[in-house]
Amino acid sequence: MPDPALSTEILHTDPAGIARAADLLRAGALVALPTETVYGLAGDARNAQAVAAIYAAKGRPALNPLIVHLGSLEAAEDLAELCEGARACASTFWPGPLTLVAPLRAGHGLAPAVTAGLPTVALRVPAHPVARVVLEAFGGPLAAPSANPSGRISPTSAAHVMAGLSGRIAAVLDGGSCAVGVESTILGFEDGQPVLLRAGGVSPEALARVLGKAPAPRACGKITAPGQLASHYAPCAALRLNVTRPLPGEVWIGFGPDCAAAEMTLSATGDLQEAASRLFGVLHAADAMDRPIAVAPVPETGLGVAINDRLRRAAAPRV
Ligand code: TXA
Ligand code: MG
C-alpha cells in the first residue's frame, strides 16, 4: 500500500535536483531516475534497509536479484571477477544498455539481498547523463530494478513511474523519455561460454561481433532471472501478437508502412530503434484505453529480438 505520509517529490535534472537525489540516496531513501533503457528505482546497494525498501516498493519477490549500477568498469571490477569475454563486452558497450553477470569478489560490501543470496552479481554502467551524474554525486553502487510495480509494464517516463509508484518512493528525477526504451541485455558466462540471459538494448548480433560467436540461449526451462518468467511486463488488457488484421474493438498497434490504418504505431517507417524506444509508452497508452490490444508483426532481428521478447511476455497467460 502507498504510504500516505510519503509524497513523492518530482525533481528536475538541474544541480539542485541532482544534489537532492544524492542526499536522499545517502539517507537510504529510494529515488527513481532515468537511464537510457528504462527508469530505474535506485537505492544504496550497500544499505540493507534501502535494498529491502526497493523490494517492498515494487512488490518484488525477494528471490529476484537486482542490477547494480556503477560509474565505471573499474568500479565493476572491484565488486566482481570479469572473465575475458565479459571485459571485452564491457569495454565495447559500457557505458550502455548491457548488464554483465559475474562472480562476486570477497569483501564486495553489497547488501546480501541485492543478489538474492546468489554468488554472482548483475552489473551495469549506464550511459544516461542523469544516471551518470547521480552515480558520481552519490559516489557508490546503486541497486536499481526497473521503476514499476513488479510484473507490470516498465516505465520510460517520469509519468509512468508516478502512475505505478507514487507515494511508495521518496522522489523521481524527471529526465524525459528513455532513448533505448527496452531494458538492458543481460549476458552471463557458464564455463567461460557466453549465455544470453535476457535480450535487450544491445542486439545479439552486436554481442556476437565482440565475442566471436553468438551467445548461447539460456538453457531451456532454467530460470536464473525472473525477467525470464513467461508473464512479465504485462498490461492489464489482453494482448494478441503478429496481427495483420485486428478484430473489431481491438486497439491495433502497427509497425511499418503496411499498418497505416493502425490506431497507434511502434514506428510508421518500420525503424526498430524507434519501435524499441516507443514500445512501453505505446503499451501504457493502449492499456489505458481499456480495450483488448493487437500488435502487428515485428521482425526478429537486431532490437526486434528484445521487442518480440517483451511482447511475448506481455501476451503470455498471467502467472
Ligand atoms: O535496463 C535495465 O536493465 C534496467 C535499468 C533500470 O537499468 N533495469 C532492469 O532491472 O531491468 P530489473 O530488476 O527489472 O531486471 C533485472 C534482471 C532480473 O531479471 C534479474 O533476475 C536479473 O536481472 N538478475 C539480477 N542479478 C542476477 C544474477 N546474479 N544472475 C542472473 N540474473 C540476474
Ligand atoms: Mg523489470
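The legends below describe several close-up views of one predicted model.

In this predicted model, local features need pLDDT of at least 70 and side-chain atom pairs count only at pLDDT 80 or more, while totals for chains, interfaces and linings use all residues. Residues are numbered from 1 along each chain as its sequence is written, chains are lettered from A and ligands numbered from 1 in the order in which they are written, and side-chain values use heavy atoms, with hydrogens and water left out.

**View 1. The largest nonpolar core has 46 residues.** A nonpolar core is a set of buried Ala, Val, Leu, Ile, Met, Phe, Trp, Tyr and Cys residues joined through side-chain atoms within 4.5 Å, where buried means under 20% relative accessible area, exposed over 50% and partly exposed in between (1.4 Å probe, protein chains only). Leu41, Val68, Trp94, Leu98, Leu100 and Leu123 have the most contacts inside this core.

**View 2. Helix α4 (residues 84-93) has a buried side and a face turned away from it.** Helices (H or I, at least four residues) and strands (E, at least two) are DSSP runs, numbered from the N terminus. The buried residues of α4 are Gly85, Ala86, Cys89, Ala90 and Phe93. Seen down the axis of α4, these residues fall within an arc of 135°, so they line one face of the helix; the arc is that of the directions from the helix axis to the C-beta atoms. They pack against α3 (73-79), β5 (98-103), β9 (185-190) and α7 (204-211), whereas the face turned away carries the exposed residues Glu84 and Ser91.

**View 3. An open sheet of 11 strands has mixed pairing.** The order is β1-β8-β2-β3-β7-β4-β6-β5-β9-β10-β11, and two strands pair if DSSP finds at least two bridges between them. The edge strands, each pairing on one side only, are β1 (9-11) and β11 (216-217). Strand β10 (residues 193-198) pairs with β11 in the parallel sense over two bridges, and the bridge partner of Leu196 in β11 is Pro217.

**View 4. Four strands form an open sheet with parallel pairing.** Their order is β12-β15-β13-β14, with β12 (239-240) and β14 (264-265) as the edge strands. Leu239 has Ile293 as its bridge partner in β15.

Methods: Contact means heavy atoms within 4.5 Å.
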